[in-house]
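User: Hi! Could you walk me through this one? I'd like to start with the ring pairs and then move on to the ligand.

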Amino acid sequence: MKKSFNVVVLISGNGSNLQAIIDAVKAKELDINLCLVLSNKADAFGLQRAAKAKIPTKVIEHSQYSTRLDFDLEMMKAIDEYKPDLVVLAGFMRILSKEFVQHYDNRMINIHPSLLPKYKGTNTHQRVLDSGDKEHGLSIHYVTNELDSGPILKQVKITVNSDDTAESLAKRLLIEEHKAYPEVIKQLCYKDKYCLK
Ligand code: GRF
C-alpha cells in the first residue's frame, strides 16, 4: 500500500473549495498529501490560502502560451513532478485540451455549480432563476473531453426560494460545495486503499 494519496489542486480564483480541502486535512478528516496548488492566474487569492497552509504553489499563466496545448503541456510537466493520484479542479476556469484530459483519465475531478446535465458552462445560478427552477445544486464529476459531462460522483440539491438572487444561490451552494468536495476526495482515496479510515 502506498503511503500517501497525492493530490494536486488547480485554481483560477478565490479558492474557497481549496480552503475547505485544506481545512479537512488540518482537521484530520482527510488523509491526503496536498502536494501542489497550481493557478493560471498570478493574482488568484487561493494561492495565498495555499501558501498560508505551506503547500507548494505554482503559477503558469495561459496568456504566455501561443496554443492551448503548449499551456497544457507545461501544466502537465509541473503536475507530474508530484506524481498525483488525483487532480482536483477547484474553480479552474480554463478549457482543457483532449491531451491533458486523456493524460489524467480517471484521476481528475471537477465541481460544477449545477445539477448536471442541466446548465453546463457558466452563469448557472442566473440560468436556474431565469428558468424558474424550484431546485438547484452542485455536481462533482470525473473530467472527460466533453465540457461538464463526465461520470457523476456526487450531487447535492438545494431549494430555490422565491426571494433568491444569483448571489444568494451562489452563497448557499458554496456551503454545500465545501462539505461535498472533501467527502468525495475522501471516498476516492479510500477506494484506492491509500488512506486509513
Ligand atoms: C465554485 O462555484 C465551483 O463550483 C466552480 O467555481 C467556483 C469556485 O469557487 N467550479 P472557489 O474558487 O472554490 O471559491
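Analyst: Happy to! Keep in mind that this is a predicted model. A search of the whole structure turns up two aromatic pairs.

User: How are the rings of Tyr 65 and Phe 71 arranged, then?

Analyst: Their centres are 6.0 Å apart and their planes meet at 50 degrees, so the pair counts as tilted. Stacked would need planes under 30 degrees apart, and edge-to-face over 60.

User: And is Phe 71 buried or exposed?

Analyst: Phe 71 is buried, because its relative accessibility is 2% and the cut-off for buried is under 20%.

User: Nice. Switching to the ligand: which residues surround it?

Analyst: The shell consists of Asn 14, Gly 15, Ser 16, Asn 17, Gly 91, Ile 111, Pro 113 and Glu 177. Sorted by class, that gives two nonpolar, five polar and one charged residues.

User: Which polar side-chain atom lies 2.9 Å from an oxygen atom of the ligand?

Analyst: That one belongs to Glu 177.

User: What about backbone atoms, say those of Gly 15 and Ile 111?

Analyst: A polar backbone atom of Gly 15 sits 2.8 Å from an oxygen atom of the ligand. For Ile 111, a polar backbone atom is 2.9 Å from a nitrogen atom of the ligand.

User: How much of the ligand's accessible area does the protein cover?

Analyst: The protein covers 82% of the 370 Å² that the ligand has on its own.

User: Last one: which pocket does the ligand take up?

Analyst: The ligand takes up the space of the largest pocket.

Terms used: Residues numbered from 1 in each chain as written. Predicted model: local features only at pLDDT ≥ 70, side-chain atom pairs only at ≥ 80, totals over all residues. Heavy atoms only, no water. Near = heavy atom within 4 Å. Polar contact = N/O pair within 3.5 Å; in protein donor to acceptor, adjacent residues only side chain to side chain. Areas by Shrake-Rupley, 256 points an atom, 1.4 Å probe, with all protein chains shown as cover. 1 Å grid on protein atoms, 1.4 Å probe; cavity = no way out; pocket = protein on both sides within 12 Å on 5 of 7 lines; lining within 4 Å. Sits in = over half its atoms within 2 Å of the grid points. Nonpolar A, V, L, I, M, F, W, Y, C, P; charged D, E, K, R; others polar. Phe/Tyr/Trp six-rings, centres within 6.5 Å; stacked < 30°, edge-to-face > 60°. Buried < 20%, exposed > 50% of the residue type's maximum accessible area, 1.4 Å probe, protein only.
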